[in-house]
Amino acid sequence: MKKNIADLRKDYRLKTLNEEDISADPVEQFTLWWGEAVASEIEEVNAMTLATASKEGLPSARIVLLKGFNETGFIFFTNYNSYKGKQLQVNPKAALIFFWKELERQIRIEGKVEKITAKDSDEYFNSRPAGSRIGAWASPQSNIIENRAVIEENVKKYIDDFRQHIPRPPYWGGYIVKPDIIEFWQGRSNRLHDRIQYTKQNNGNWKIVRLAP
Ligand SMILES: Cc1cc2nc3c(=O)[nH]c(=O)nc-3n(C[C@H](O)[C@H](O)[C@H](O)COP(=O)(O)O)c2cc1C
């Protein structure tokens, strides 16, 4: 069994990433790769790993869904009282990873995290299906619960409470990760991958370097 795992490997040959072909702006470069990923019909293309850390630096990672991006940053939604929410409260920094295996690509993003405005959270919350809106009320995310029935009872209760309108829970909303570093990784043959890293400078410009694979 162990040997089988150790034997698993894939050589990457699909594409290359060259300095002369990339954008000077990493969000433009992200937009380009995002478009190619969407066009490739990658399933759950917006699923990304979100890493946070405690004040002491204890890391924790999980998948969340990207719900928007712009020149300012990358947006996801969650419960502000969750484990990740508590870590972000004391240590508002995060790393994001996209792995689009169909394109042999990885994108790493690191930066500071802020809550988006209540108005923007409302707008997204109100666009969600009713079941998801009730779910946000019904689940005390990351808390220990006695059994699944607790959630099912909560669902019934909130459906009953919010017959007319399901408001956004005050503890649920969006975060934006404002990037300081973005790295684009393109798989190449013999593990000699292309890595181009953008780092934000104090003057707001982006410094571009190539990293060894
Ligand atoms: C494909 C996928 C998408 C997910 N999307 C989200 C999301 O957008 N927001 C969220 O809070 N949790 C999402 N989750 C659940 C998280 O991975 C995690 O279980 C949850 O947020 C609790 O994490 P925490 O205890 O570290 O706060 C998703 C899980 C998967 C597998």
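1. Three elements each supply at least two residues of the shell around the ligand: strand 2 (59-65), strand 4 and helix 3 (83-90). Helices (H or I, at least four residues) and strands (E, at least two) are DSSP runs, numbered from the N terminus. Strand 2 gives the largest share of this shell, four residues.

2. This is a predicted model, in which local features need pLDDT of at least 70 and side-chain atom pairs count only at pLDDT 80 or more, while totals for chains, interfaces and linings use all residues. Residues are numbered from 1 along each chain as its sequence is written, and side-chain values use heavy atoms, with hydrogens and water left out.

3. The residues surrounding the ligand (a heavy atom within 4 Å) include Glu 44, Arg 62, Phe 77, Lys 84 and Ser 142.

4. Polar contacts are pairs of N or O atoms within 3.5 Å. The side chain of Arg 62 places an N or O atom 2.8 Å from an oxygen atom of the ligand. For the side chain of Ser 142, the distance from an N or O atom to a ligand oxygen atom is 2.7 Å. Phe 77 has a backbone N or O atom 2.9 Å from a nitrogen atom of the ligand.

5. Phe 30 belongs to the residues with the most contacts inside the largest nonpolar core, which has 31 residues. Such a core is a set of buried (under 20% relative accessible area, 1.4 Å probe, protein chains only) Ala, Val, Leu, Ile, Met, Phe, Trp, Tyr and Cys residues joined through side-chain atoms within 4.5 Å. Another core, of 13 residues, lies apart from it and includes Phe 77 and Tyr 124.

Note on methods:
Buried < 20%, exposed > 50% of the residue type's maximum accessible area, 1.4 Å probe, protein only. Polar contact = N/O pair within 3.5 Å; in protein donor to acceptor, adjacent residues only side chain to side chain.
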